[in-house]
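These are my notebook entries on a structure that is new to me. I record what I looked up, one topic at a time.

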Amino acid sequence: MRRIHIEAHAKVNLGLSVTGARPDGYHDIETLFQTISLSDTVFLEASKAGIGLSCEGIQVPGGPSNLAWQAATLLTRELAAPAMSITLFKRIPVGAGLGGGSADAAAVLMGGRALFDLEASDTKLMSLALEIGSDVPFLLRGGTARGVGRGEILEPVAPLSGFCLLLVTPAFKVRAEDAYARVRIGLTRDASYTKLNSSAIREGELGSLVTAFRNDLEPGVVACYPEVGAVKQALLDAGVQAAVMSGSGPTVIGLVRSSEEATSLLPRLGGHGWQIHIVEPIDSGCRVEGA
Ligand code: C5P
């Protein structure tokens, strides 16, 4: 039976401004999204026994609350796709501000279209993605993008490279709803993303990227979870160029020039029970392989 696998890449928010509350309960944001080398692997095959989901690596619930399950349900309902069996090999920390569940859902949409040769335009997949969550449209496409609205209105930004990120994730989860409920709107309303000079960043001048490293959700999350502030301070003390919480947290990302530099800082971050990943920016979203 045909089986495909998809690399579902995580994202970080290099910066995130919350510009207002919306009548639909969401918030208008302006964010700089970046996909990173950390990924889950999602295996898909047709199933005669209805939608199924199992998990290897980090464990997550396998039922309808899982965004990958919701993506498979949408494909059957909206595009008459056959049922599929999903196996997630999870490496992206869960509830961590890295879009792991959203990336898995994007992978099921993209992979399901390839597996069953579904007639669905990219625009249709993007609209299904938004039904699942605000970050899913970006994770279908990936790369570097400015996201406005709920984060689903995407404008490409010249690809960023020439830096690495140290991801430090404390051992608890933050619900996006809670992070947004405590937001201080408009703290970072200076649109620093527009000042990014991609070619200077590629050549190692990280100054304009440093100015993007601000997140309006961070003060509210730090007030509730002071350990997030401690993680940020530990990264700054270790010598990163800049540090900011990603999305709704609790992962804090630290900006460094190279993986060698990141590795040299590791001894200063140990002993707290934090998960640490060294990642680089990548220029794609989920990638279907073995179709
Ligand atoms: O879209 P998603 O399901 O990921 O959002 C989870 C929660 O985060 C929403 O229910 C909402 O409370 C909050 N949110 C928001 N504004 C956004 C994105 C998410 O208020 N732009």
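Entry 1, a residue in a helix. I began with Asp104 and found it in helix H2. The model is a predicted one. Is Asp104 buried or exposed? I read a relative accessibility of 2% for Asp104, and because buried means under 20%, Asp104 counts as buried. I then listed its contacts, leaving out residues up to four places away in sequence: Asp104 touches Ala8, Asp40, Val42, Ala68, Leu88 and Lys90.

I turned to helix H1, residues 67-79, and helix H3, residues 122-132, whose axes come within 10 Å and cross at roughly 135°. That angle makes H1 oblique to H3. I noted the crossing of H1 past H3 as right-handed. Which residues make this contact? From H1 I recorded Leu67, Gln70, Ala71, Leu74, Leu75, Arg77, Glu78 and Leu79, and from H3 Lys124, Leu128, Glu131 and Ile132. I sorted the residues of this contact into seven nonpolar, four charged and one polar.

I looked up which residues of H3 are buried and found Leu125, Met126, Leu128, Ala129 and Ile132. Why do they line one face of the helix? Viewed down the axis of H3, the buried residues fall within an arc of 165°, so they line one face. Finally, I checked the partners of the buried residues of H3, which pack against H1, helix H2 (100-116), helix H4 (136-141) and strand E6 (153-156).

Notes:
Residues numbered from 1 in each chain as written. Predicted model: local features only at pLDDT ≥ 70, side-chain atom pairs only at ≥ 80, totals over all residues. Heavy atoms only, no water. Axes fitted to C-alpha atoms, helices over the stretch in contact; angles between N-to-C directions. Helix = DSSP H or I, 4+ residues; strand = E, 2+ residues; numbered from the N terminus. Parallel < 35°, antiparallel > 145°, perpendicular 65-115°, else oblique. Left-handed = near helix turned anticlockwise from the far one by under 90°. Contact = heavy atoms within 4.5 Å. Nonpolar A, V, L, I, M, F, W, Y, C, P; charged D, E, K, R; others polar. Buried < 20%, exposed > 50% of the residue type's maximum accessible area, 1.4 Å probe, protein only. Arc of directions from axis to C-beta.
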